Amino acid sequence: MIPTWVQLAYLVAAIFFIVALKGLSSPRTARRGNLIGAAGAVIATAVVFAERDLDHVLPILVAVAVGSLVGVVGAQRVQMTQMPQLVALFNGVGGGAAALVALLELVELSERGSVADVAGFDLVATAFTIFIGSLSFSGSLVTFAKLQELMTTRPVLFPGLPVAFGGSLLAAIAVSVLLVITPALWPGVVVAVLGLILGVLLVLPVGGADVPIVISLLNAFTGLSVAAGGYVLGNTLLLVAGTLVGAAGTFLTRMMASAMGRSLANTLFGALKGGSTLGAGEASDRPVRSTGPEDVAILLGYAQRVIIVPGYGLAVAQAQHTLRELVDVLIERGVQVDYAIHPVAGRMPGHMNVLLAEAQVPYEQLKEMDEINGDFKQADVALVVGANDVVNPAARTTPGAPIYGMPILNADEAHQVVFMKRSMRPGFAGIENELLFNPQTNLLFGDAKQTMSKLLNAVKSL
Amino acid sequence: MDESIVWLTIFVLSVFVGVEVISKVSSTLHTPLMSGANAIHGVILVGAVLVTGTAESTAGLVVGLIAVVLATVNMVGGFVVTDRMLQMFGGRGRSRSASSGDSGTGSTKEAGR
């Protein structure tokens, strides 16, 4: 029986986690919320060591030290553009840990004696933890590889993928049933292996733009597997914390999917049905109007209202600092400048806000889509930097386009549109952008950072 | 049997709390929220420590220690990186962020500089 004071300490930690999530939902309280969450985690960990006479305390403390070191170094070193990868990686190792814990508990349960001594539902939860934990582990690693571009970011499909997926799923369920009837380690290991396979198969067909939604989903999965692990271990804190993350993560995943105008099922399995996340991926040779930095400088310098639409390309080129300087100069000239942030700008929902915050862009210049979309009509210039799909009118006009139905920024309503692009290559969704061929659109080709510097100098010398 | 009902009750209530607390999150904070939630499930460390501390075989100990390392990376790394992100949010715009919500479409933003 777990002592009362321990239960109470777990309750305190659980409350801290709830307050943490609540705090993270609002810009003013987010940082404090995160620190409260960390405090909850510290309380929980300290209590475990104090609660019982554990063996192997020294090796465990060494392992904690090693893990902390790896975590802190990873967290400090990561560039903000690589944030989605890191979140995926941290999530994956958490899932892996949950699966290993459940495997060890399974050994313990199966040694406890006859089946009658072990509650059947304990074993169901054990199998679930092993399965979902290992699925989350391998799925997150594939997600990491895709985002880090260790492998192609395009959907990977092969004939028989749906059959392999269905087959592995059925096999995992069958072996789980066997595990519940005759508890032993080996069916647990088989379930783990099938979980690993399914994690890979789940993420392979997902295209680059949808990968962040998968991170969020796998995050929710890990949460649920931790919750089930809590049930197995008879630990209320794990149950509450895991369930909180599972529920919040699922909800967040759905919000992200709807911000992209897609259902979750379509995000995951769209590519299997053919074409959905697969665009032609080819550059067009239709005529466009190309322009130079000096002309754009005049356009911007003498405008009254400029709206900037930043995209991932901006951050990859590390041009966000130069962009901020440009905006500073424009504001000094009396131009009203705002950034229009699409909910999925960057590689992860909310990612662009992080990237611009890194470049010390004042928070109040960042406008959410609903807030700014009405303003494009009055804008003299919409400057699109490294973004593409989020201003593609095909989302409004072309049923059947992969992004059809996704809410977009109304950059096409501005009097003039300037696109800063490296090439005519389509965006993540792999489809052509009609806006590029509009008569009021000017294209400024080149590397975002170099072009931005030239533009900055041109505006300064106006 | 009663105990199972208690567990079920905790589970169901946690689901509602989990959805309720984040239902009003602005898309600005999706990335830190995901990262912070990610860190919270690192609390599996508690489970990893428990099973490792009661391990009876060497194999069990080794697997348990691996789980402890993985869980710690998840938890510590998650909280640290979330804090790093949020620190930047709190930069120059912080004092004025409260007023940015009600700024009308036509108002000028020069004050922000």
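In this predicted model, the C-alpha centres of domain 1 and domain 2 of chain A lie 37 Å apart. Domain 1 of chain A covers residues 78–273, and domain 2 of chain A covers residues 293–460.

The two domains touch each other: 13 residues of domain 1 of chain A are in contact with 19 residues of domain 2 of chain A. On the domain 1 side, α4 (83–111), α8 (211–233) and α9 of chain A each supply at least two residues. That side of domain 1 of chain A has 10 nonpolar and three polar residues, and no charged ones.

Chain A also meets chain B, with 101 residues of chain A in contact with 88 residues of chain B. Helix α9 (residues 236–259) of chain A gives the most to the side of chain A that touches chain B, namely 18 residues. By class, this side of chain A has 60 nonpolar, 30 polar and 11 charged residues.

The two sides described so far can be set out by class.

| Domain 1 of chain A, touching domain 2 of chain A | 10 residues | three residues | no residues |

Next comes a sheet in chain A. Six strands form an open sheet in the order β3-β2-β1-β4-β5-β6 of chain A, and the pairing is parallel. Its edge strands are β3 (366–368) and β6 (441–445) of chain A, each of which pairs on one side only. From one strand to the next, the twist averages 25°.

Within the sheet, strand β1 (residues 305–310) of chain A pairs with strand β2 (residues 336–341) of chain A in the parallel sense, over four bridges. Residue I308(A) has Y339(A), in β2(A), as its bridge partner. Helix α14 (residues 351–358) of chain A packs on the sheet and touches β1, β2 and β3 of chain A. The direction of α14 makes about 140° with that of β2(A).

The loop between β2 and α14 of chain A holds P343(A). This residue counts as buried because 24 other C-beta atoms lie within 10 Å, where the cut-off for buried is 20 or more. Leaving out residues up to four places away in sequence, P343(A) touches A259(A), P349(A) and M369(A), as well as S27(B). P343(A) and P155(A) are 188 residues apart along the chain, and their C-alpha atoms are separated by 22 Å.

Note on methods
Residues numbered from 1 in each chain as written. Chains lettered and ligands numbered in written order. Predicted model: local features only at pLDDT ≥ 70, side-chain atom pairs only at ≥ 80, totals over all residues. Contact = placed C-beta atoms within 7 Å. Nonpolar A, V, L, I, M, F, W, Y, C, P; charged D, E, K, R; others polar. Domains from an automatic or database assignment. Pairing = 2+ DSSP bridges. Axes fitted to C-alpha atoms, helices over the stretch in contact; angles between N-to-C directions. Buried ≥ 20, exposed ≤ 12 C-beta atoms within 10 Å, placed from the backbone.
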